[in-house]
Amino acid sequence: MEAEKEYTGMPRIGDKAPEFKAVTTQGDIHFPNDYKGDWVILFSHPADFTPVCTSEFMTFASMEDKFLNANCKLVGLSIDGLYSHIAWLRSIKDKIEYKGMKNVEVKFPLIEDITMEVAKKYGMLQPNEDSTKAVRAVFVVDPEGIIRTIIYYPLSLGRNFDELYRVVIALQTADAFGVATPADWRPGDDVIIGPAGSCGSAEDRMQGKEDMDCKDWYFCTRKLDKDVVLKRVLKK
Ligand code: BEZ
């Protein structure tokens with residue numbers, strides 16, 4: 001039972017990101033302390049020198065500047081050693097061409113987690129999927145070190161990195177403007193206003209007294225200009 005707990009216990013949305021020190025392909029890191037003030041995506045992948053992971057790393061590395069422009073740093077992890085990581089990243093750069101991407105250099109840190117210490121801390125090991133490989137876990141951590149989104153994929157399914165970018169922008173938009181973002185939201189789409197807190201305010205909304213479009217007292221949206229969002233969320 002204890003062993004099961006060790007493998008499957010995981011932090012939850014709203015928790016402080018569990019702290020760890022690790023060796024990476026970009027030097028040692030102390031997580032999340034080194035990332036205070038930045039958003040960060042901590043993600044795991046099953047193994048070096050595997051094809052789905054290779055396609056993911058190439059895609060993420062190609063989008064790194066876009067994430068950095070949204071104040072978001074990337075940190076990868078797998079249960080492999082540092083020299084394996086280095087050899088794999090060199091192979092990706094020198095030999096792999098995929099969907100028009102080639103000579104792709106992975107500049108973000110890739111954690112060596114041969115002891116599985118970090119993978120266990122973050123519940124990245126899902127023993128019924130695989131007992132020695134991390135699944136494709138994604139933790140979006142805010143500038144205060146709080147976990148804001150968790151997404152898990154199985155070994156066979158490569159992630160959608162446009163969706164991860166959308167998540168980072170949507171979380172920052174919600175924080176900056178005090179709104180929520182509806183299904184499939186993208187910058188420029190209407191945003192959701194929080195629920196009415198009293199019968200009076202529910203009535204005011206339905207009377208059109210507030211600057212929002214209410215279909216019923218609990219379903220109110222407002223316009224939020226794309227440029228206003230991007231100016232607030234992106235560096236340039
Ligand atoms: C891959 O990245 O290709 C992969 C890794 C582990 C299991 C299945 C696929």
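Pro32 sits in the loop between strand S2 (27-31) and strand S3 (39-44); strands here are DSSP runs of E, at least two residues, helices are runs of H or I, at least four, and both are numbered from the N terminus. The bond joining Phe31 and Pro32 is a cis peptide bond, with omega at about -5°.

Before going on, a word on the source. This is a predicted model, where local features need pLDDT of at least 70 and side-chain atom pairs count only at pLDDT 80 or more, while totals for chains, interfaces and linings use all residues. Residues are numbered from 1 along each chain as its sequence is written, and side-chain values use heavy atoms, with hydrogens and water left out.

Lys99 has a positive phi of about 50° although it is not a glycine, and its place is in the loop between helix H4 (82-95) and strand S5 (110-112). Asn103 also has a positive phi of about 50° without being a glycine, and Asn103 too is placed in the loop between H4 and S5. Buried or exposed, then, for Lys99? Lys99 is exposed, at a relative accessible area of 71%, where exposed means over 50%, buried under 20%, and partly exposed in between, with a 1.4 Å probe and protein chains only. Asn103 counts as exposed at 51%.

Now the ligand. Which residues are around the ligand? They are Pro46, Thr50, Pro51, Val52, Cys53, Arg136 and Leu155, taking a residue as near if one of its heavy atoms lies within 4 Å. Helix H2 (residues 51-62) gives the largest share of this shell, 3 residues. By class the shell has 5 nonpolar, 1 polar and 1 charged residues; Ala, Val, Leu, Ile, Met, Phe, Trp, Tyr, Cys and Pro count as nonpolar, Asp, Glu, Lys and Arg as charged, and the others, Gly among them, as polar.

Next, polar contacts, meaning pairs of N or O atoms within 3.5 Å; within protein, one must be able to donate a hydrogen and the other to accept it, and residues adjacent in sequence count only if both atoms are side-chain atoms. A polar side-chain atom of Thr50 is 3.0 Å from a ligand oxygen. Polar backbone atoms of Val52 and Cys53 also lie by a ligand oxygen, Val52 at 2.7 Å and Cys53 at 2.8 Å. Taken alone the ligand exposes 260 Å², and the protein buries 78% of that; such areas come from the Shrake-Rupley method with a 1.4 Å probe, and for residues only the protein chains shown count as cover.

Thr50 has a further contact: the side chain of Thr54 reaches the backbone oxygen of Thr50 at 2.7 Å. Thr54 is in helix H2 and is buried, at 10%.

Last, salt bridges. The count is 11, a salt bridge being a side-chain nitrogen of Lys or Arg within 4 Å of a carboxyl oxygen of Asp or Glu. Arg159 and Glu56 meet in one, at 2.7 Å, N to O. The pair links distant parts of the chain, 103 residues apart: Arg159 is in the loop between strand S7 (147-153) and helix H6 (161-177), and Glu56 is in helix H2. Arg159 is buried at 7%, and Glu56 counts as buried at 2%. Glu56, Arg136 and Arg159 are linked in a network of salt bridges, and Arg136 is one of the residues around the ligand.
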